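Here is a friendly briefing to read alongside the model. Please keep the 3D view open as you go through the topics below.

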Amino acid sequence: MVSIGGSNDGRADGRPGTGATVPDGRPQSWVRNLRWMRADAGVSPELAKLGVDELIALALEDDDPDGPRRWKAVDALHARGDLETFTEARRLCASDSRVERVLGVDILGELGTPLRPFVDKTLSVLRYLAASDDDVRVLHAVLIAFGHLRDGRALPSVIDLSTHQDATVRYGAAYALSHVVGRPPDPAGLAALRRLATDPDEDVADWAALGLILP
């Protein structure tokens, strides 16, 4: 599709009032945005033994973007936190396949947590996708990754996407903003968060309102 960085759905949680939908597939789960609420029990010894290519193939076998098999494989990739994993995730982000790009973003968003050894390069890839990709699910994944990274350098990209016509993307922006707006909050970021708190989509408005009251 592209060379990134110069190198190598609606939600399915059953909550009412959700207008955000994603074409051609199940919308991403509301719960997926909350890293600490996923039903993870760490990386199993079996997955820890697999190579990067094997884990990526395992993740791609799960058709459910919120599926437990997919996320267990992604968690194992996060735990590796090495250059090989970063390189393969970056390659996925340049794929012609929407599914592969989303997977690449999901890997990069928490790669090597808590040390995040590739945060600078990751931000370069994600900001490129934020500006160039037009797929709703990819943009949503990018915004969730920005939220996980909690790096203020993502703020301009998040603000730009906060006015997207699709509520799923604005929902991701509402989630990301509270994590990248800074303390004290950046005025432009705070204004975007306040605007999203009055969004016609109830879930977008709820997340933005929560972001306004979080410390």
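Over the ring of which residue does the charged end of R70 sit? It sits over the ring of W71, 5.3 Å from the ring's centre; a charge counts as sitting over a ring if NZ of Lys or CZ of Arg is within 6 Å of the ring centre and within 35 degrees of the ring normal.

This is a predicted model, in which local features need pLDDT of at least 70 and side-chain atom pairs count only at pLDDT 80 or more, while totals for chains, interfaces and linings use all residues. Residues are numbered from 1 along each chain as its sequence is written, and side-chain values use heavy atoms, with hydrogens and water left out.

**Overall make-up**

- The protein has 11 helices and zero strands; helices (H or I, at least four residues) and strands (E, at least two) are DSSP runs, numbered from the N terminus.
- Read from the N terminus, the order of elements is α-α-α-α-α-α-α-α-α-α-α.
- The protein has 215 residues, of which 53% count as buried; buried means under 20% relative accessible area, exposed over 50%, and partly exposed in between (1.4 Å probe, protein chains only).

**Aromatic pairs**

- A pair of aromatic rings is described by the distance of the centres and the angle of the planes.
- Searching the whole structure gives three aromatic pairs; rings of Phe, Tyr and Trp (its six-membered ring) pair if their centres lie within 6.5 Å, and planes under 30 degrees apart count as stacked, over 60 as edge-to-face and the rest as tilted.
- One of them joins Y171 and W207, whose ring centres are 6.4 Å apart with planes at 80°, so this pair is edge-to-face.
- Because Y171 belongs to helix α9 (residues 167–180) and W207 to helix α11 (residues 202–213), the pair ties together parts that are 36 residues apart in sequence.
- Y175 and W207 also form an edge-to-face pair, at 5.4 Å centre to centre and with 90° between the planes.
- Y175 lies in helix α9 and W207 in helix α11, so this pair ties together parts that are 32 residues apart in sequence.
- Y171, Y175 and W207 form one aromatic cluster.
- Are Y171 and W207 buried or exposed? Both Y171 and W207 are buried, with W207 at 9% relative accessibility; Y175 counts as buried too, at 2%.

**The loop between α5 and α6**

- T113 lies in the loop between α5 (98–109) and α6 (119–132), and P114 is found in that loop as well.
- The peptide bond from T113 to P114 is cis, with omega near 5°.
- With a relative accessible area of 42%, T113 is partly exposed.
- A polar atom of the T113 side chain lies 2.7 Å from the backbone oxygen of E110.
- The T113 side chain also makes a polar contact with the side chain of R116, at 3.4 Å; a polar contact is a pair of N or O atoms within 3.5 Å, where within protein one must be able to donate a hydrogen and the other to accept it, and residues adjacent in sequence count only if both atoms are side-chain atoms.
- T113 and R80 are 33 residues apart in sequence, and their C-alpha atoms are 9.4 Å apart in space.
- R116, in the loop between α5 and α6, has a positive phi of about 50° although it is not a glycine.
- R116 is buried, with a relative accessible area of 17%.

**Backbone features in other loops**

- R183 and P184 are joined by a cis peptide bond, with omega about 0°; P184 lies in the loop between α9 and α10 (187–196).
- R150 sits in the loop between α7 (136–149) and α8 (155–161), and its phi is positive, about 55°, although R150 is not a glycine.
- R150 is exposed, with a relative accessible area of 51%.

**Helix packing around α2**

- Helix α2 (residues 52–61) packs with α5 at an angle of about 125°, with their axes 11 Å apart; axes are lines fitted to C-alpha atoms, for helices over the stretch in contact, and angles run from 0 to 180 degrees between N-to-C directions.
- α2 and α5 are therefore oblique to each other: angles under 35 degrees count as roughly parallel, over 145 as roughly antiparallel, 65 to 115 as roughly perpendicular and the rest as oblique.
- The axes of α2 and helix α4 (residues 83–93) come within 10 Å and cross at roughly 40°, so α2 and α4 are also oblique to each other.
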